[in-house]
Amino acid sequence: MRNRSKRSKQRDSIQAFLASRHDHPTAETVYLNIREQIPNISLATVYRNLSLLSEQGEIRKISIGQGPDRFDGNTEPHSHFICRECGTIIDLAAEPALPVTDMDGHPFDGKIDEHVTCYYGLCPTCLKKTLPAGNIL
C-alpha cells in the first residue's frame, strides 16, 4: 500500500504535467512549465515534489548516469531506450513478465519487487545522421 501524504496543488500539477508528456523531462523542464501555471512555485518545491511522487510510486525517476535525472509519468511496466548521442529517452513496450529464479547463474533467495530495463544505442534521428546519403534503413 502506498503511503500517500496530503495532496497539494503543486504536486497535482506536477503529476498531471508528467502524465501528459512522453519525453521524460528533467526537473528544470518541469519547473519551467509548472511556473506558467503557478508563477510563485520554486525550483526547490518542484524537486521536493518530484522526489515525493517518485518515492510514492506515482511517477518514475530515471537516472541515466550522465546529465540530470529525468521523470516519467507512466508507472506501468515498460522499458526505456536511451540514445547515447542525444540523450533522448523513448518508452518501449513492456516485456512479458518472466519469473526470475536465478541471476546470471547465481541462486537468488531475495524478493524482487520490480525491475528496470534500459536499452542503449542510437535513436532513429541520430542513426539517420550517421548513414551515408541515400542509404535507407
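**Chatting through the fold**

User: Let's jump in with Lys61. Does it count as buried, partly exposed or exposed, and what's its relative accessibility?
Analyst: Lys61 comes out at 46% relative accessibility, so it counts as partly exposed. Keep in mind that this is a predicted model.

User: Okay. Which side chain does Lys61 meet in a salt bridge?
Analyst: That would be Asp69, with 3.7 Å from N to O. Asp69 is partly exposed as well, at 29% relative accessibility.

User: How many salt bridges turn up in the whole structure?
Analyst: The search finds 2. Besides the Lys61 and Asp69 pair, Arg21 forms a salt bridge with Asp23, and the closest N and O atoms there are 2.5 Å apart.

User: And Arg21 and Asp23, how accessible are they?
Analyst: Arg21 has a relative accessible area of 23%, which makes it partly exposed. Asp23 is at 35%, and it counts as partly exposed too.

User: Let me zoom out. What does the secondary structure come to?
Analyst: The chain has 4 helices and 7 strands. Going along the sequence, you get α-α-α-β-β-β-β-β-β-β-α.

User: How much of the chain counts as buried?
Analyst: 30% of its 137 residues.

User: And what share of the contacts join residues at least 24 apart?
Analyst: It's 48%, taken among contacts between residues at least 6 apart in sequence.

User: Now the helices. Which residues of H1 are buried?
Analyst: H1 covers residues 9-19, and the buried ones are Arg11, Ser13, Ile14, Gln15, Phe17 and Leu18.

User: What do those buried residues pack against?
Analyst: They pack against H2, H3 and strand E2, which is 70-72.

User: Take H2 first. At what angle do H1 and H2 pack?
Analyst: The angle is about 115°, and the axes are 10 Å apart. The crossing is right-handed. On the H1 side the contact is made by Ser13, Ile14, Phe17 and Leu18, and on the H2 side by Thr29, Val30, Asn33, Ile34 and Gln37.

User: How do the residues of that contact divide into nonpolar, polar and charged?
Analyst: The contact of H1 with H2 has 5 nonpolar and 4 polar residues, with no charged ones.

User: Then H1 with H3. How are they set?
Analyst: H1 and H3 pack at about 70°, with their axes 10 Å apart. That makes H1 roughly perpendicular to H3. From H1, the contact uses Gln10, Arg11, Ile14, Gln15 and Leu18, while H3 brings Thr45, Val46, Asn49, Leu50, Leu52 and Leu53. By class, that's 6 nonpolar, 4 polar and 1 charged.

User: That leaves H2 and H3. What's their angle?
Analyst: About 120°, with the axes 9 Å apart; H2 is residues 27-37 and H3 is residues 43-55. So H2 and H3 are oblique to each other. Their crossing is right-handed. The contact is made by Ala27, Glu28, Val30 and Tyr31 of H2 together with Leu43, Val46, Tyr47 and Leu50 of H3.

User: How many nonpolar, polar and charged residues has that contact of H2 with H3?
Analyst: There are 7 nonpolar residues, no polar and 1 charged.

User: You mentioned Ala27. Is it buried or exposed?
Analyst: Ala27 counts as buried, because its relative accessibility is 3%. Its place is in H2.

User: Which residues does Ala27 touch?
Analyst: Leaving out residues up to four places away in sequence, Ala27 touches Leu43, Val46, Tyr47, Leu50, Asp69 and Phe71. With Leu50, Ala27 is 23 residues apart in sequence, and the two are 7.6 Å apart in space, C-alpha to C-alpha.

User: Last topic: His24. Where does it lie?
Analyst: His24 is in the loop between H1 and H2.

User: What is its phi?
Analyst: His24 has a positive phi of about 55°, although it is not a glycine. Most residues other than glycine have a negative phi.

User: And is His24 buried or exposed?
Analyst: His24 is buried, with a relative accessible area of 2%.

Methods: Residues are numbered from 1 along each chain as its sequence is written. This is a predicted model: local features need pLDDT of at least 70, side-chain atom pairs count only at pLDDT 80 or more; totals for chains, interfaces and linings use all residues. Side-chain values use heavy atoms; hydrogens and water are left out. Axes are lines fitted to C-alpha atoms, for helices over the stretch in contact, and angles run from 0 to 180 degrees between N-to-C directions. Helices (H or I, at least four residues) and strands (E, at least two) are DSSP runs, numbered from the N terminus. Angles under 35 degrees count as roughly parallel, over 145 as roughly antiparallel, 65 to 115 as roughly perpendicular and the rest as oblique. A crossing is left-handed if the near helix is turned anticlockwise from the far one by less than a right angle, and right-handed if clockwise. Contact means heavy atoms within 4.5 Å. Ala, Val, Leu, Ile, Met, Phe, Trp, Tyr, Cys and Pro count as nonpolar, Asp, Glu, Lys and Arg as charged, and the others, Gly among them, as polar. A salt bridge is a side-chain nitrogen of Lys or Arg within 4 Å of a carboxyl oxygen of Asp or Glu. Buried means under 20% relative accessible area, exposed over 50%, partly exposed in between (1.4 Å probe, protein chains only).
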